[in-house]
Amino acid sequence: ATVDETPSDLNFPSEGMTTFGFYLLCLLLSGVFADTKPQQIHIAFTGRSDEMNIMWATVDETPTSTVQYGNSSDLNLIETGSFSHYYLPFYESPALHTVTIKGLAPSTTYYYRVGDSNGGWSNTFSFQTKSTLPVTPQNPLKIAVLADNGDSANSDMVFDAIMKKDKEIGFDFLILSGDLSYANGFQYIWDQWQNMVEPFATHAPMMLAPGNHEAISLFIPYNYRFQMPTNGWDNLYYSFNYRNVHVLILNSESLDEFHFSSMYQFAASDLQRVNREETPWIIAAWHHPWYCSNAKHEDSAWFMKDEYEALFYKMKVDLVLQGHVHAYERTHPVYNWSVDSSATTYMTDGHGGNKEGLYYDWDEPQPSWSAYRESVFGFSTMEIFNSTHLHWQMIRGNDSYVRDDFWIVRER
């Protein structure tokens, strides 16, 4: 049956009161069901050894963006920051929070949790600040290396292997050379990927380079969801020091590669300022490989190579980390396609587990500058023992078996 008047047993006093009550109920329910649980928690260097960027997401906004932290589980210090959103067609991001904690002591374990007293807190996590001890065989610098990870079963497998190795040796940080989530415009995949890597990223800084899959959305999610050092341009290129290594991150996804471009000038100036007494090792990273003997993408970075390689040779860059090709390849030290013991070694680590699969079509015969290549999912580790010795291993994801093992030995 239908009626034209409000039933008398509901006893609403007026239409205005009905409207007010409805909106009041909605307001109360929005508070009850607001999703303010911190997720996607990750940390990154700022470029200063006494600071750390801490980032996370909440589906709904919280009154503040707060980190409680301290060098014990008491968490007696507080730092606040801010949150932002980004907007794409038919999409609004979660609230993306960033807090920079400052005045950190070296060689110290800090405990922290993120969130808000009204919206709720995360679990407590920890990270280690930079050691003041010299880099030695007894106290090496340990770096995880990855590219083209994505959100797939193979991605999970590779990150499980990274976590296993991390528990064994304790990585200082990770370098991911582009193509992070493979969201390809589907923004929810960013949320899934960042939750997948959270168990690692809450205690080891993830230092990122952009890839072509970040360029699909014009780097907007990449620049909003992460905060790298700010001495370059956004998260697209920058540099930082950590113990005895200088790391330079560049963007191979733009035309900003000419000698007169801002990125080239940044790279040239940055490399000239490196103090090789303090940071004898120089490691660079970007996405598209300069040297590649796989039929897929083997010439994808020819212009960047033509513009930059002489600079890298002159400044004696030790190692370059790349991705894009879904396989693993290590070169001999090489300059202008010729093996040269004083030149740079190039690593392609694009076998991080992405959903597009592996590339198996290798050029034959194998070029003289190519030392080792294999189509297998996995990641790599780098241990620096002093100013002259660097140990590298490529580890297969499904069984943690070491597939490539070599040393770089430099005369300084």
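Predicted model: local features only at pLDDT ≥ 70, side-chain atom pairs only at ≥ 80, totals over all residues.
Strands pair if DSSP finds at least two bridges between them; strands (E, at least two residues) and helices (H or I, at least four) are DSSP runs, numbered from the N terminus. Within this pairing, His42 stands opposite Met55 in S2.

Both strands belong to an open sheet of 4 strands in the order S1-S2-S8-S5, with antiparallel pairing. Its edges are strand S1 (39-44) and strand S5 (82-84), each of which pairs on one side only. On average, neighbouring strands of this sheet are turned by 20° against each other, direction ignored. Axes are lines fitted to C-alpha atoms, for helices over the stretch in contact, and angles run from 0 to 180 degrees between N-to-C directions.

Residues are numbered from 1 along each chain as its sequence is written. Local features need pLDDT of at least 70 and side-chain atom pairs count only at pLDDT 80 or more, while totals for chains, interfaces and linings use all residues; side-chain values use heavy atoms, with hydrogens and water left out.

## The six-stranded sheet

An open sheet of 6 strands has the order S14-S13-S12-S24-S25-S26, and its pairing is mixed. Strand S14 (206-209) and strand S26 (402-409) each have a single partner strand, so one side of each is left without a neighbour in the sheet. From one strand to the next, the twist averages 20°.

Strand S25 (residues 389-396) pairs with S26 in the antiparallel sense over 7 bridges. The bridge partner of His389 in S26 is Val409.

## Helices across the sheet

Helix H2 (residues 153-169) lies across strand S12 (141-146), strand S13 (173-177), S14, strand S24 (378-384) and S25. H2 runs at about 25° to S24. Helix H3 (residues 188-201) lies across S13 and S14, and runs at about 135° to S14.

## A pair of helices

The axes of helix H6 (residues 262-273) and helix H7 (residues 302-314) come within 11 Å and cross at roughly 5°. H6 and H7 are therefore roughly parallel to each other, a term for angles under 35 degrees.

Contact (heavy atoms within 4.5 Å) is made by Met263, Tyr264, Ala267, Ala268 and Leu271 of H6 and by Glu307, Tyr308, Leu311 and Phe312 of H7. These residues divide into 8 nonpolar, no polar and 1 charged. Here Ala, Val, Leu, Ile, Met, Phe, Trp, Tyr, Cys and Pro count as nonpolar, Asp, Glu, Lys and Arg as charged, and the others, Gly among them, as polar.

## The two largest pockets

The largest pocket holds about 310 Å³ of space. A pocket is an open set of points on a 1 Å grid over the protein atoms alone, where a 1.4 Å probe fits, with protein on both sides within 12 Å along at least five of seven lines; lining residues have an atom within 4 Å of a point. Of its 19 lining residues, Gly47, Ser49, Lys130, Asn241 and Tyr242 are the closest to the centre. Strand S15 (residues 238-242) gives the most to this lining, with 4 residues. The lining comprises 5 nonpolar, 9 polar and 5 charged residues.

The second largest pocket has a volume of about 260 Å³. Among the 17 residues that line this pocket, the closest to its centre are Gln128, Gly170, Phe171, Asp172 and His203. Strand S11 (residues 125-128) gives the most here, with 3 residues. This second lining divides into 5 nonpolar, 8 polar and 4 charged residues.

Definitions and conventions:
Points joined across faces, edges and corners; volume = space filled by probe spheres on them. Parallel < 35°, antiparallel > 145°, perpendicular 65-115°, else oblique.
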